[in-house]
Amino acid sequence: MAYIAPIHRPTSVRHALRSNLLSEDQESLVLAKANRIEIWRVSDGALAMVHSKVVNGTIAVLQRLRPKDHNTDLLFVGTERFEYFTLAWNNETSQLDMIDPFRDPGEHHMRDAESQDRCIVDPTGRYLAMHLWEGVLTILRLGNRKNTALKLEWMDQVRLSELFIKASTFLYTETGQPKIAFLYKSRSDADDSKLVSYLLTSDDRHTVTSRFDPAKDREIDVEGLDPGAAMLIPVRSVEGEVKRHNVRNPDQAKAHIGGLIVVGETKLLYIDGVTLFTVESALKEACIFVAWAEYDVRHYFVADDYGNLHLLTILTEDSGVVVTGMDVSRIGTTSRASNLIYLGDDLLFVASHYGDSQLFRLDLLNEDFSQTMQLVQVLPNIGPILDFAVMDMGNRENDSALGNEYSSGQARIVTGSGVHKDGTLRSVRSGVGLEDIGILADLESTRALFSLQSKGYGKSDTLVASFLTETRIFKFDSAGEVEEVESFYGMSLGYQTLLAANLPNGNVLQVTTAAATVIDTVLGVWLTTWVPGEGKTITAASTNNQWLLLSVEGIGLVSFDLQHDMKLVKEKHVGKTDEIACIHVAPQFSDVGVVGFWSSGTVSIIDLRTLEPIHGESLRRTSDDASIPRDLALVQVLPSNVSGPTLFVALEDGNVVTFRIGEDLTLSGTKRVILGTRQARFHLLPQKDGIYSIFATTEHPSLIYGSEGRIVYSAVTAEDATCVCPFDSEAFPDGIVLATDSQVRICQIDTARQTHVRSLEMGEMVRRIAYSPSEKVFGLGCIKRELVNGEEIIQSSFRLVDEVIFDRVGKEFALGQPSYTELVEAVIRAELPDSYGNLAERFIVGTSYLPDPDFGAASNIRGRILVFGVDSNRDPYLVLSHDLKGACRCLAIMDGKIVAGLTKTVVVSLYEETSTTTGRLTRIASYRPSTYPVDVTVQGNMIAVADLMKSVSLVEYVERDGESPQLIECARHYHSAWATSVSHVDDESWLEADAQGNLMVLVRNPKGVTAEDRRRLQITSEMNLGEMVNRIRKISVETSPNAMIVPKAFLGTVEGGIYMFGTIAPHAQDLLLRFQSKLAQVIKTAGDIEFRTYRSFRNAEREGDGPFRFLDGELLERFLDVDENVQAQICQGLGPSVEDMRNMVEELRRMH
């Protein structure tokens, strides 16, 4: 039984529009992202989301309607399953209310329309036309009467002679009678474009639809248009212009503003809507336009397929109404647009499925071209996810095959996202957010922060900021007002402060580079002070309530008893042979400290009374390892009934080593986690019940804390943090103060983990990605598309990106030759034997050649398998180039052998390196699938082959004595499915995804009674995800014995969604199935579409009756969003209490 939950919800914007949905005074921006509707408003020059609504269906249609005598709009929404409904904003409840749902069951014998305009609305907002099937137009309208004004009335479903429509639009008319235009081609394979227009209705009351008779009803009928034309722009009439009339003499006719623009690839055609006179203008250079938006009646924004934004200008005579031509000029670069929405006030929104959506501020009158467009805001989008890799930053000791859960923060999902120039590499990680409360001051180069309490004040009210040559004090009152003070109880402000803390008796301890002092806060005098020897400085200090430990010049240790007026207890000279790198006094151990040493790379737990080591541990794994400890923390992170204290050691290279501390202070259970490339600084944040969290500042700050009996490393949204301290004040309870290189600010740490995304702009499409833990790099197969002098140039390459700095390293390796184009199809990594027989890290790349007349008919080479190594400069170098007679679409490794999915063949080959830069592949076995392999995955000696049309087959690699190895098909899924990806799940289970967004768990029964039973892959779970999955990556994580869900795989979709797939423990299956069933009956979404309809399997052959043995984690988690009465209603009859079910769902949510 299967479970799926979203880690990162879809971010691709397929549909966008501007609407007076919320009020008549202010327009809103409405976006459709997969199954969600989002409403945004412009506030202070930027967009802010005001409402979000989930739909039980993938949104395929989004339009706005304007009822008669209303000042606000309705939303018309349609899903891919032909469920339609209208939504209206309810000001009293601040919710979207459904008004009018209906369903079109569809015509299974008809072909889907290929028009980019599936649903259009006339300028009045009352007539709606849907073009869903070839040759059929469905027409609806809003009612005329007051009681039917919000209802959509069915008018007719008419047949069209124009079967292959490319684009359609309603025209602006002076009579108010709706008129519709179609841009179409004569045949599906024809390279032509024609334009026609019809009146939508045939009577004066506009209630009877036209028959759309091409012989009688056509008004505009133009042939010979630009064959590449695919977009129509209706043009409004200019208010107050002289009324136009049809003229008998065409030579005297002129085209006026008010008509239609046909946008082609090489030319534009303007048609006057009344006189039908045309004006044609050639484009300066050929261009493929994909979206448009009106700026004013004479200017239109148009976006092309390469991410360029142009301004289309209608040129007129001095009168301003007679059209003389058109001009298109480029004004900037954006993401490749799905929609352009002009929001007024010179704000343009670019909605994109191919990259980030963007908001621009325009200044079209600026003579400086670079200042024409200013990027104001970015709505991140990690879709489409073409490929991804899972990077586990924890468990670097390789002592276990099991990785860390995504929610731990130690596992990152790195995606190849975006198309062509919008291509990016995105690092997706579970993390904790910081909410900025305010900026304290613009202070540069803060070295440390400490919070203090005034005498008799229970909360922190004083902040000590330490700099290289001085210390500054800031006092806070109960309202949060802050004041910098010149003095504070006689503290030394002319030195760098290494430590400042309140003591249990109310005094204050200050340690500077020059002295350690205890200050009486009542009298404001120094009680005790200690100064190192002449010419020496204090380099490090650490304290708890009883002890103070100092490092002097890195060669001496000094301990003091704070309970006896900072009595000097012990001094110890370490010497320069192994200088002190860092020190730490454990806050929860009365007499225990920790010291890290430079030269030996060791840490020692010491007795603070004698400064003698109790136990020690080397941090170096090999003789040439140069690990140096730079910071220490010995604290209780997990509850004491779960685990003992943990020692954290920050190394100079960015690794953090952890040890479990036994009752006898022995160190065990070593683990390594990589947080960055430079040493982390630890900042302790006290929690309840004697528990501590650790804020680790490095180039990728992390919050280390305990959860669910494990230590969690969560990314923190404070990339520039340098030092942190807790600041629990009256005005800012449970707050922290955080310093960067330029300022100090007060923040609040979020209580819940969220998904955080980091982006690396690539400027090219990252088609394939593979991760090498040993080389600490990602291998990327990239495709770059450029337009050079009107010619499209495509170049593939293989390059490396460092896992930590998250940037390019080494040189790229260009693929292909000037005479032909080579495309990257697959990239994997593997450990393969080198020429000396030792295992070496290798990247394997599969390619295909684009058909090209210049390639030569005599050659039968259609692809290659390339093997790359990585040299000491982190440059990829070619070891092997093996020519293929078919394209290499997918690759896998099976026990040192390379499995390649070629065109119509799956091949197993032996790899052998003959030298450091040469090698050879020897084909040893092959298998011919039904049509075309699109993905292969290996488990043991079993190969799962995902076929383009015929689902999945299992092929076993068999070696017999005295015979050649063979690939034998041992099982098959006999239903048709356009597979996109496949992965092994567990034992005999495999997970398949298809192009219709379905997920299927297929199980082989090798112990079946009959041969037919053993050869058939049975479906044990199935569901429609609503998004096409491009890649499935198997994971193996360690879970608790009583866990209900065991994570098995991650899925990446074209809409930018990342999902976690898991299997359900037998003891929880019945309860969770009944729980989902009851939730589906109670929880309603926009459109009131049934959950079972939304999630049921659906393809061209069959449609299921709901999800089969598949749990939707998104639905289960909505249990937490309803009130207690509804929760009680859902839990009635389930068995567990409401509180038990809440805890269970919380546990499920914490998994991701």
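These legends describe close-up views of a predicted model.

**View 1. The largest cavity and its lining.**
The structure holds five cavities of 30 Å³ or more. The volume of the largest cavity is about 70 Å³. Its lining is made up of Pro6, Arg9, Pro10, Asn35, Arg36, Leu1025, Glu1027, Tyr1059, Tyr1094, Arg1095 and Glu1114. By type, these lining residues divide into five nonpolar, one polar and five charged.

**View 2. Helix H6 and its buried face.**
Helix H6 covers residues 1138-1150 and has 13 residues. At 1.5 Å a residue, H6 should span 18 Å, and its end C-alpha atoms are 18 Å apart, so the two values agree. The residues Met1141, Met1144, Val1145 and Leu1148 of H6 are buried. Seen down the axis of H6, the buried residues fall within an arc of 95 degrees, so they line one face of the helix.

**View 3. What covers the buried residues of H6.**

**View 4. Helix H5 and its buried face.**
In H5, the buried residues are Gln1127, Ile1130 and Cys1131. They fall within an arc of 90 degrees when seen down the axis of H5, and therefore line one face of the helix. H2 and H6 are among the elements that cover these buried residues.

**View 5. Helix H2, its length and its buried residues.**
H2 has 17 residues. From its first C-alpha to its last, H2 reaches 26 Å, which is close to the 24 Å expected at 1.5 Å a residue. Buried in H2 are Ala1068, Gln1069, Leu1071, Leu1072, Phe1075, Gln1076 and Leu1079.

Asp994 is found in strand S78, which runs over residues 989-994. Asp994 counts as buried because its relative accessibility is 0%, and buried means under 20%. Leaving aside residues up to four places away in sequence, Asp994 touches Ala977, Trp978, Ala979, Thr980, Met1000, Met1028 and Phe1097. Asp994 and Thr1063 are 69 residues apart in sequence, and their C-alpha atoms are 20 Å apart in space.

Definitions and conventions
Residues are numbered from 1 along each chain as its sequence is written. This is a predicted model: local features need pLDDT of at least 70, side-chain atom pairs count only at pLDDT 80 or more; totals for chains, interfaces and linings use all residues. Side-chain values use heavy atoms; hydrogens and water are left out. On a 1 Å grid over the protein atoms alone, a cavity is a set of points where a 1.4 Å probe fits but cannot get out, and a pocket is an open set with protein on both sides within 12 Å along at least five of seven lines; lining residues have an atom within 4 Å of a point. Grid points are joined across faces, edges and corners, and a volume is the space filled by probe spheres set on the points. Ala, Val, Leu, Ile, Met, Phe, Trp, Tyr, Cys and Pro count as nonpolar, Asp, Glu, Lys and Arg as charged, and the others, Gly among them, as polar. Helices (H or I, at least four residues) and strands (E, at least two) are DSSP runs, numbered from the N terminus. The expected span of a helix is 1.5 Å times one less than its number of residues. Buried means under 20% relative accessible area, exposed over 50%, partly exposed in between (1.4 Å probe, protein chains only). The arc is that of the directions from the helix axis to the C-beta atoms. Contact means heavy atoms within 4.5 Å.
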